[in-house]
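Q: Could you walk me through this one? I'd like to take it piece by piece.

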Amino acid sequence: MPLSEQEQRLLDEMERHLMRNDADVVTAPQGGRTLSYRNIVYGTILVLLGIGGLIMGVSLQIIAVGVIGFVVMLGGVILAITPGRGAGKARVEPERPSKPQTNNSSSFMDRMNDRWDKRQEER
């Protein structure tokens, strides 16, 4: 079900507010670097291969195969969480408000509640 125009505007305003005030939470870079999707895919493949090797080592009762499977699985996890080369160069800057805020003392939720009350009175 698509959002109404009013709901879409409210969602856009909330998103702008979040980007403006909590940009560090929204982008969540780790030390200025972000994860690489390629590393995540390769790491996931290695984890699956490692689990297969671990299961094969346990079922065949060959300790060396199980240990190698575990090491491959651990390497896959490390690869998946390692930031890629050049990742984090493009940082998302929070969008600046298009018009100045006239009432800075009230919180965002207070303004939303006021708007909601005004719209309910209009009906």
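Q: Where does Gln61 lie?
A: Gln61 lies in the loop between helix H3 (37-60) and H4, where helices are DSSP runs of H or I with at least four residues, strands are runs of E with at least two, and both are numbered from the N terminus. Residue numbers start from 1 along each chain as its sequence is written, and side-chain values use heavy atoms, with hydrogens and water left out. This is a predicted model, so local features need pLDDT of at least 70 and side-chain atom pairs count only at pLDDT 80 or more, while totals for chains, interfaces and linings use all residues.

Q: And what about the phi of Gln61? Is the residue buried or exposed?
A: Phi of Gln61 is near 60 degrees, which is a positive value in a residue other than glycine. Gln61 is exposed, at a relative accessible area of 72%, given that exposed means over 50%, buried under 20% and partly exposed in between, with a 1.4 Å probe and protein chains only.

Q: What share of the residues is buried?
A: Of the 123 residues of the protein, 19% count as buried. The accessible surface comes to about 9900 Å², calculated by the Shrake-Rupley method with a 1.4 Å probe, where for residues only the protein chains shown count as cover. Carbon and sulfur atoms hold 61% of that surface.

Q: Let's go to H4. Where is Gly76, and is it buried or exposed?
A: Gly76 sits in helix H4, which covers residues 63-81, and Gly76 is buried, with a relative accessible area of 0%.

Q: Which residues is Gly76 in contact with?
A: If its neighbours within four places in sequence are left aside, Gly76 is in contact with Gly43, Leu46 and Val47, a contact being heavy atoms within 4.5 Å. The C-alpha atoms of Gly76 and Gly50 are separated by 8.0 Å, although these residues are 26 apart along the chain.

Q: Which residues form the nonpolar patch on the surface?
A: The patch is formed by Ile63, Val67, Phe70, Val71, Leu74 and Ile78, with about 590 Å² of accessible area together. Patches are built from residues with over 30% relative accessible area and no salt bridge, joining like charges within 9 Å and nonpolar side chains (Val, Leu, Ile, Met, Phe, Trp, Tyr) within 5 Å. One of its members, Ile63, is in helix H4 and counts as exposed at 69% relative accessibility.

Q: Switching to charges, how many salt bridges are there?
A: The count comes to two salt bridges, a salt bridge being a side-chain nitrogen of Lys or Arg within 4 Å of a carboxyl oxygen of Asp or Glu. In general, side chains of opposite charge can pair when their charged atoms come close.

Q: Which pairs are they?
A: Glu5 and Arg9 meet through their side chains at 3.1 Å, N to O. Because they are four residues apart in helix H1, Glu5 and Arg9 are separated by about one helical turn. Glu13 forms a salt bridge with Arg115, the closest N and O atoms being 2.3 Å apart. This pair links distant parts of the chain, with Glu13 in helix H1 and Arg115 in helix H5, 102 residues apart.

Q: How exposed are Glu5, Arg9 and Arg115?
A: Glu5 is exposed, at 61% relative accessible area, whereas Arg9 is partly exposed at 45% and Arg115 is partly exposed at 34%.

Q: What lines the second largest pocket?
A: Its lining includes Met14, Met109 and Arg115, and H5 gives the most to that lining, with seven residues. Helix H1 (5-21) and helix H5 (108-122) each supply at least two residues.

Q: How much space lies in that pocket?
A: About 170 Å³ lies in the second largest pocket, the volume being the space filled by probe spheres set on grid points joined across faces, edges and corners. On a 1 Å grid over the protein atoms alone, a pocket is an open set of points where a 1.4 Å probe fits, with protein on both sides within 12 Å along at least five of seven lines, and lining residues have an atom within 4 Å of a point.
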